[in-house]
Amino acid sequence: MIKSLIILFLFIFMSCTDQLVEKTSPLDGIYYILDGWKKFEDGEHDRAHDLFSTVLLNNNTQYFGDAYVGLAWNSIYKANSIQGLSNLNSREYQRSISNEYFSLAAEYVGNNNCPSSECSILCQNLLAGQAYNSSYQALESSRKFYDYGLDSTYWYMMVDHSDSTMIYSQQLLGQEMNECNIEYVFDHDTLINHNTIRILRAQTEVRLGNFNNAELELLEVQDLDCDLNIQTVVECLNSLE
């Protein structure tokens, strides 16, 4: 009888131990991705960074593309949240690292396969993020061109980044067979959408001196809050800022 009770006790103990091990094992990568976006939406950028980064500790690379896209967008928003001249270096670091994250994400998602294959939300968010990041880099290069004595190096950098902005946004919104989503809306911040990307494209065209193309982009914006019949393209864009 005692022997039977001991065996029964050991069986129950081992069963409980197995349950405890199962409950304390690492979560699947998708849970960290979902939780990371939740923290991103709540403005908890440091915590979001930690959650997205946790995915990269796993040997399973299935969610690495999701993690790098999350890290990239999170760095952009963190940079925007850091104000003041004293934080300039921190902002520039976040902007720089976001570009690296997008490049790493592209390796796992596959930029060349994005528009031509099933265009997932992940692919759309990657293209939109790359468009925004390239536009920022173009703007910075333009600023440095004028600040540093019209150094042509910065001008060529501006042109390259502007071209990238147009390519990424065209892949996302383009009206060709390989378009991704002409009515794109960033699912983690609806203020980023096809309309704001059209405005981004118009700003890029103006920077390149293509004013007619810029006007065509603005005409694609739904509920445009300016009147191109009485305003120039530049006046319209300035009023939208």
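**Exercise 1. Determine in which helix Arg 95 is found and whether Arg 95 is buried or exposed.**

*Solution.* In this predicted model, Arg 95 belongs to helix 5, which covers residues 88-109. The next step is to consider its accessibility. The relative accessible area of Arg 95 is 15%. The cut-off for a buried residue is under 20%. Arg 95 is therefore classed as buried.

**Exercise 2. Identify which residues Arg 95 touches beyond four places in sequence, and which side chain is joined to that of Arg 95 by a polar contact.**

*Solution.* Once residues up to four places away are set aside, Arg 95 touches Ile 76, Ala 79, Asn 80, Asn 133 and Tyr 136. Of these, Asn 80 has a side chain in polar contact with that of Arg 95, at 2.8 Å.

**Exercise 3. Describe the largest nonpolar core: how many residues does it have, and which elements give two or more residues to it?**

*Solution.* Begin with the count, which is 37 residues. Those with the most contacts inside this core are Trp 37, Trp 73, Leu 172, Tyr 184 and Phe 186. Next, assign the core to elements: two or more residues come from each of helix 2 (29-41), helix 3 (45-55), helix 4 (64-81), helix 5, helix 6 (121-147), helix 7 (152-173) and helix 8. Helix 4 gives the largest share, nine residues. Finally, take Phe 186 as an example. Beyond its neighbours within four places in sequence, Phe 186 is in contact with Trp 37, Phe 40, Trp 73, Tyr 77, Asn 125 and Ile 192. Another core, of 10 residues, lies apart from the largest one and includes Val 221, Cys 226, Leu 228 and Cys 236.

**Exercise 4. Work out how helix 8 and helix 9 are oriented, and which residues meet between them.**

*Solution.* The axes of helix 8 (residues 194-207) and helix 9 (residues 211-219) come within 8 Å and cross at roughly 170 degrees. Angles over 145 degrees count as roughly antiparallel, and helix 8 is therefore roughly antiparallel to helix 9. From helix 8, Arg 198, Ile 199, Arg 201, Ala 202, Glu 205 and Val 206 meet Phe 211, Asn 213, Ala 214, Glu 217 and Leu 218 of helix 9. By class, this contact has six nonpolar, one polar and four charged residues.

**Exercise 5. State how many helices and strands the protein has, and what percentage of its residues is buried.**

*Solution.* The protein has 10 helices and zero strands. Of its 241 residues, 39% are buried.

Conventions:
Residues are numbered from 1 along each chain as its sequence is written. This is a predicted model: local features need pLDDT of at least 70, side-chain atom pairs count only at pLDDT 80 or more; totals for chains, interfaces and linings use all residues. Side-chain values use heavy atoms; hydrogens and water are left out. Axes are lines fitted to C-alpha atoms, for helices over the stretch in contact, and angles run from 0 to 180 degrees between N-to-C directions. Helices (H or I, at least four residues) and strands (E, at least two) are DSSP runs, numbered from the N terminus. Angles under 35 degrees count as roughly parallel, over 145 as roughly antiparallel, 65 to 115 as roughly perpendicular and the rest as oblique. Contact means heavy atoms within 4.5 Å. Ala, Val, Leu, Ile, Met, Phe, Trp, Tyr, Cys and Pro count as nonpolar, Asp, Glu, Lys and Arg as charged, and the others, Gly among them, as polar. Buried means under 20% relative accessible area, exposed over 50%, partly exposed in between (1.4 Å probe, protein chains only). A polar contact is a pair of N or O atoms within 3.5 Å; within protein, one must be able to donate a hydrogen and the other to accept it, and residues adjacent in sequence count only if both atoms are side-chain atoms. A nonpolar core is a set of buried Ala, Val, Leu, Ile, Met, Phe, Trp, Tyr and Cys residues joined through side-chain atoms within 4.5 Å.
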